[in-house]
Amino acid sequence: MASPHHKYLQSCLALAEQSPPRPTNFRVGAILVSRKAQDDLYYEDDRVLSTGYTMELEGNTHAEQCCLSKYAAAQGVPDERVAEVLPSEASRQLVMYVTMEPCGKRLSGNQPCVQRIVDTRRGDRRGIEKVYFGVKEPETFVGASESCRRLTDAGIQWRVVQGLEKDILSVATAGHEHSEEEVRAALDKVETRLDDVSEDERERQRRVPRNPKKRMVEVDLLG
């Protein structure tokens with residue numbers, strides 16, 4: 001049975017494909033999920049709160065930005081107050097899936113997506129506690145990314161879910177003049193590394209009892 005992480009990323013990829021190809025950005029998809037706390041084996045009780053993709057909303061908007069902005073709008077508050085209306089239940093946690101590592105810098109001067117995620121934890125709010133993504137951000141526009149470090153510094157667990165790199169990168173770079181070269185260069189850097197998971201997430205995985213007979217429960221992601 002396919003990993004639920006891959007199923008979410010495949011749904012994110014389908015969202016990314018709805019983004020218009022442009023030479024100056026990556027086509028990315030994102031999904032915000034409410035999940036039972038400390039439950040990374042079963043997903044039958046997942047609740048999809050919002051989705052987004054690059055340029056879904058007016059302006060040069062990114063996937064995570066659209067995802068959070070749509071949730072804020074549904075709750076009747078401006079974007080900057082989304083942290084106030086995100087669910088905060090003791091028995092659940094907020095998880096974001098995104099095809100590509102959240103951006104840490106934007107040439108437009110707009111707020112980077114990693115900061116938007118970190119800001120959901122302002123004050124004593126739990127906000128987004130985990131981020132899963134399929135590839136690290138290529139260095140095409142802003143050089144080496146420091147987003148993973150910033151997530152770690154904010155106490156947010158993160159993990160690279162491998163297996164969809166080529167598809168994600170091909171969709172992300174559609175519209176770029178040298179898309180094929182970008183994809184090849186990014187794939188050359190893809191390898192299994194210890195830093196492909198945050199320290200907190202690695203420790204959590206170490207503590208999870210392993211039972212090969214258990215079956216992960218699939219969830220209708222966007223139903």
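Contact here means heavy atoms within 4.5 Å. The model is predicted.

**Exercise 1. Describe the surroundings of E129.**

Solution. 
Step 1: E129 lies in strand 4.
Step 2: List its contacts, leaving out residues up to four places away in sequence. E129 touches R92, Q93 and L94, and also R121, I156 and Q157.
Step 3: Look for a polar partner. The side chains of E129 and R126 are joined by a polar contact of 2.7 Å.

**Exercise 2. Work out how helix 2 is built and how it packs.**

Solution. 
Step 1: Check the length. Helix 2 spans residues 63–74, 12 residues in total. From first C-alpha to last it reaches 17 Å, close to the expected 16 Å.
Step 2: Judge the cover. Nine of the 12 residues are buried, so helix 2 is mostly covered, with buried meaning under 20% relative accessible area. Among them are C66, C67, L68 and Y71.
Step 3: Find what the buried residues pack against. Their partners include strand 1 (29–36), strand 2 (47–53) and strand 3 (92–100). Helix 3 (82–85), helix 4 (113–119) and strand 4 (128–135) are also partners.
Step 4: Look past the end. Just after helix 2, G76 takes a positive phi of about 80°.

Key
Residues numbered from 1 in each chain as written. Predicted model: local features only at pLDDT ≥ 70, side-chain atom pairs only at ≥ 80, totals over all residues. Heavy atoms only, no water. Helix = DSSP H or I, 4+ residues; strand = E, 2+ residues; numbered from the N terminus. Expected span 1.5 Å × (residues − 1). Buried < 20%, exposed > 50% of the residue type's maximum accessible area, 1.4 Å probe, protein only. Polar contact = N/O pair within 3.5 Å; in protein donor to acceptor, adjacent residues only side chain to side chain.
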